[in-house]
Amino acid sequence: MSSLRRALPCLTSAALAASLMGSAPASAAPSPVAAQRDSIPIRGVDRAALSAAPTVPSAGRSGDRVVGMTDALATQDFRVAGVTWSGERSDVEAFVRTRDAETGRWSGWSLLQAEAGPDAGTSEAAATRGGTQPLIADSSDGIQVRVESAGGAPHDLEVDLVEPGTSSADSATSTSSTTSTNPQAKPTVHSRAEWGADESIRKGDPEYGQVRGAVVHHTAGVNGYSAEEVPAILRGIYDFHVNGRGWNDIGYNVLVDRFGRLWEGRAGGLDKAVIGAHAQGVNSQTFGISAMGDYDVVAAPDVMETSIERFTAWKLARHHVDPTAKATIGGVWRPTVLGHRNVGQTDCPGQYLYARLGEIRAGARERQGTAIYKPSTSPRRIERGTGGSTLRAQTTGDITWRVRVSSDEHGVVADSTGTRTDDGTLEVPWDGRLPDGSWATPGSYEVVLSGRDTSSGAWLPSWRDTVTVTS
C-alpha cells in the first residue's frame with residue numbers, strides 16, 4: 001500500500017500531520033558560516049592497524065584487496081567525511097569508523113561506495129576528483145579508514161573531514177506541519193538560505209537540461225541525527241562536494257531528512273531542469289533526491305517516503321512525466337523513478353529504500369491526480385502550403401484543456417478548447433493556416449498547451465513548443 005493511501009484516509013489524522021513535514025520560511029536568511037575542513041593523506045596500508053582493527057561487516061563487503069588502511073586517527077572535530085582520489089574509479093570502496101567526540105566511543109564500520117558525479121565530458125567533470133558518497137557522522141574527533149579495490153590503489157588517496165560550524169540556521173526551522181489541499185501545489189522546500197549555504201564557494205552558473213525522470217539516493221552514516229543538526233549536515237555535504245570532490249555545487253537537487261522535511265540542494269530553481277551531479281550519465285535528464293541516512297541498514301521512515309512521493313509527484317508533473325511509466329533515460333528504456341543503483345555501480349539508495357520505490361511510484365502518481373503527460377508536436381518543421389502540425393499528449397483525470405498557436409507577426413492563429421474525462425491521447429491539429437484561411441507565412445509559431453482540473457479548478461503546468469514554417 002502506498003504511503004498516500006496509508007496517510008490520507010482521514011485528513012484529520014495524526015499520521016497525515018506527521019507525514020507532511022515543513023515550516024514557513026525563516027523571517028531572515030541566516031548568515032553563511034565557513035566550514036572547517038581537513039584532508040588527511042592515506043599512504044598505503046598500515047599493516048599493524050589492519051591486523052588490530054575490528055573486522056568489517058560481511059554485508060556489503062567487496063572481497064577486494066585492501067589498498068589503503070589508516071590507524072585510528074585523532075582528528076579535528078567533524079560531522080561529514082568522505083574518501084577522495086585523483087581520477088574517476090568505480091572499483092573503489094571504503095569502510096570508515098568514527099570516534100564520538102563526547103563519549104570517546106568508536107562506531108562500527110560504515111561502507112562508502114564510489115559515487116560518480118558530473119556527466120563525463122562536461123566542464124564541471126574536468127576539475128573533479130573521484131570519491132565516495134558522503135558519510136554523516138555524530139560529532140566526531142577521530143576516524144579510521146580502510147580502502148578496498150579490485151585494481152591498484154587510487155592515486156592521491158585521502159579522507160576529507162568537514163566541520164560545518166554553527167549557524168542561526170541550525171534552529172531556524174522546525175518540524176511543524178504545513179500542506180495544501182491542492183494536488184498541484186508545490187510542497188514546502190526549505191531554501192538554501194535556510195540551511196545556511198555559503199554561496200561564495202559555489203562555482204559557475206547553473207546549467208539546464210530536461211527532466212525525464214527522478215533518481216532516488218541515500219547518503220551514509222548515522223540515522224539518528226536531530227532536527228536541529230540537519231542544516232549543519234547539509235552544509236557539510238555541500239562543502240565535501242565542492243571542496244572535496246571539486247564539483248560546482250552540492251550534487252543532489254533536493255534532500256529529505258528523517259523528519260520528512262525537504263531541502264533545496266543544487267541552486268538554479270526547483271521548478272527548472274537544473275543539471276545536478278548525482279548520477280553520472282543521466283544528470284541532464286533527471287533530478288536527484290537524496291534521503292539523508294543509511295537505508296541499507298534500517299528502513300526509511302514513512303514520513304520520509306511520503307515527502308519523496310510528494311516532491312516527486314510535483315516535480316515530475318511540472319515536466320509532464322508519469323511516475324509509473326518508462327522513458328528513454330541515458331539511452332536506455334527505464335522506469336521514470338529510479339534508484340541510483342539502476343544507473344550506477346552502487347547499492348544506493350540502500351536495500352530498504354530501494355524496496356519501496358514501487359510504493360513511491362504509485363503514491364506519486366496518485367498524488368498527481370489530473371495530469372498531462374508526454375506532450376509533443378509533430379512535425380515541428382513544415383513547408384508553407386503543404387499542411388500543418390498536430391499536438392499530442394496523454395491526459396488523465398477530468399481536464400479542461402486549451403491549445404493556442406500564435407506568432408509575433410500574426411498573433412493567435414488557432415485556438416482550440418475542450419474537456420476530457422477519460423484517460424487517453426489528446427490530439428489537436430493545426431492545419432498550417434492563418435485565421436483568414438491563407439497559408440501561414442514562414443516563421444516561428446508558438447504552441448501552448450494549458451489545462452486545469454475540471455473538478456477543483458486547479459491549473460496544471462502548461463507546456464510550450466515551437467513549430468517552424470519554412471518557405
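Colleague: So two strands pair if DSSP finds at least two bridges between them. How many bridges join β18 to β24?

Modeller: Three. β24 covers residues 463-470, and the two strands run parallel. Keep in mind that this is a predicted model.

Colleague: Noted. Which residue in β24 stands opposite arginine 381?

Modeller: Threonine 468.

Colleague: And what sheet do β18 and β24 belong to?

Modeller: An open sheet of five strands. The order is β18-β24-β23-β20-β21, and the pairing is mixed.

Colleague: Why is one side of β18 and of β21 left without a neighbour in the sheet?

Modeller: Both stand at the edges, β18 at 381-383 and β21 at 411-420. Each has a single partner strand, so one side of each has no neighbour there. From one strand to the next, the twist averages 20°.

Colleague: How do β20 and β21 run, parallel or antiparallel?

Modeller: Antiparallel, with nine bridges joining them. One of the bridge pairs is threonine 400 with threonine 419 in β21. A hairpin through three residues joins β20 to β21.

Colleague: I have my eye on serine 407. Which strand does serine 407 lie in?

Modeller: β20, which spans residues 399-407.

Colleague: Is serine 407 buried or exposed?

Modeller: Buried. Its relative accessibility is 11%, and the cut-off for buried is under 20%, so serine 407 qualifies.

Colleague: How far apart in space are serine 407 and isoleucine 42?

Modeller: 62 Å, C-alpha to C-alpha. In sequence they are 365 residues apart.

Colleague: Now the three-strand sheet. What is its strand order?

Modeller: β17-β19-β22, an open sheet with antiparallel pairing. The edge strands are β17 (371-378) and β22 (424-430), and each pairs on one side only. The twist in this sheet averages 20° from one strand to the next.

Colleague: How many bridges pair β17 with β19?

Modeller: Six, in the antiparallel sense. β19 is residues 389-396. Serine 378 has threonine 390 in β19 as its bridge partner.

Colleague: Switching to pockets. What volume does the largest pocket have?

Modeller: About 660 Å³. Its lining is made of 25 residues. Nearest its centre are Val211, His319, His320, Val321 and Trp463.

Colleague: Which element gives the most to that pocket's lining?

Modeller: β17 again, with four residues. The elements giving two or more residues are β14 (326-329), β17 and β24.

Colleague: What's the lining of the largest pocket like by class?

Modeller: Nine nonpolar, eight polar and eight charged residues.

Colleague: How does the lining of the largest cavity divide?

Modeller: Four nonpolar, five polar and eight charged.

Colleague: Next, the largest nonpolar core. How many residues does it have?

Modeller: 44. The residues with the most contacts inside this core are Tyr225, Ile289, Met292, Met304, Phe311 and Leu353. Several elements supply at least two residues each, among them β10 (213-218), β13 (286-291), α6 (302-318) and α8 (357-368).

Colleague: Which element supplies the largest share of this core?

Modeller: α5, with seven residues. That helix runs 230-244.

Colleague: What about β5? Which way do its side chains point?

Modeller: From β5 (residues 110-113), Ser110 and Leu112 point one way. Leu111 and Gln113 point the other way, and all are buried.

Colleague: What does β5 pair with?

Modeller: β4, residues 92-100, in the antiparallel sense over four bridges. In that pairing, alanine 94 stands opposite leucine 112.

Colleague: Last one. Where is glycine 196 found?

Modeller: In the loop between β9 (189-190) and β10.

Colleague: Buried or exposed, that glycine 196?

Modeller: Buried, at a relative accessible area of 2%. Its C-alpha is separated by 41 Å from that of alanine 52, which is 144 residues away along the chain.

Note on methods. Residues are numbered from 1 along each chain as its sequence is written. This is a predicted model: local features need pLDDT of at least 70, side-chain atom pairs count only at pLDDT 80 or more; totals for chains, interfaces and linings use all residues. Side-chain values use heavy atoms; hydrogens and water are left out. Ala, Val, Leu, Ile, Met, Phe, Trp, Tyr, Cys and Pro count as nonpolar, Asp, Glu, Lys and Arg as charged, and the others, Gly among them, as polar. Axes are lines fitted to C-alpha atoms, for helices over the stretch in contact, and angles run from 0 to 180 degrees between N-to-C directions. A nonpolar core is a set of buried Ala, Val, Leu, Ile, Met, Phe, Trp, Tyr and Cys residues joined through side-chain atoms within 4.5 Å. Buried means under 20% relative accessible area, exposed over 50%, partly exposed in between (1.4 Å probe, protein chains only). On a 1 Å grid over the protein atoms alone, a cavity is a set of points where a 1.4 Å probe fits but cannot get out, and a pocket is an open set with protein on both sides within 12 Å along at least five of seven lines; lining residues have an atom within 4 Å of a point. Grid points are joined across faces, edges and corners, and a volume is the space filled by probe spheres set on the points.
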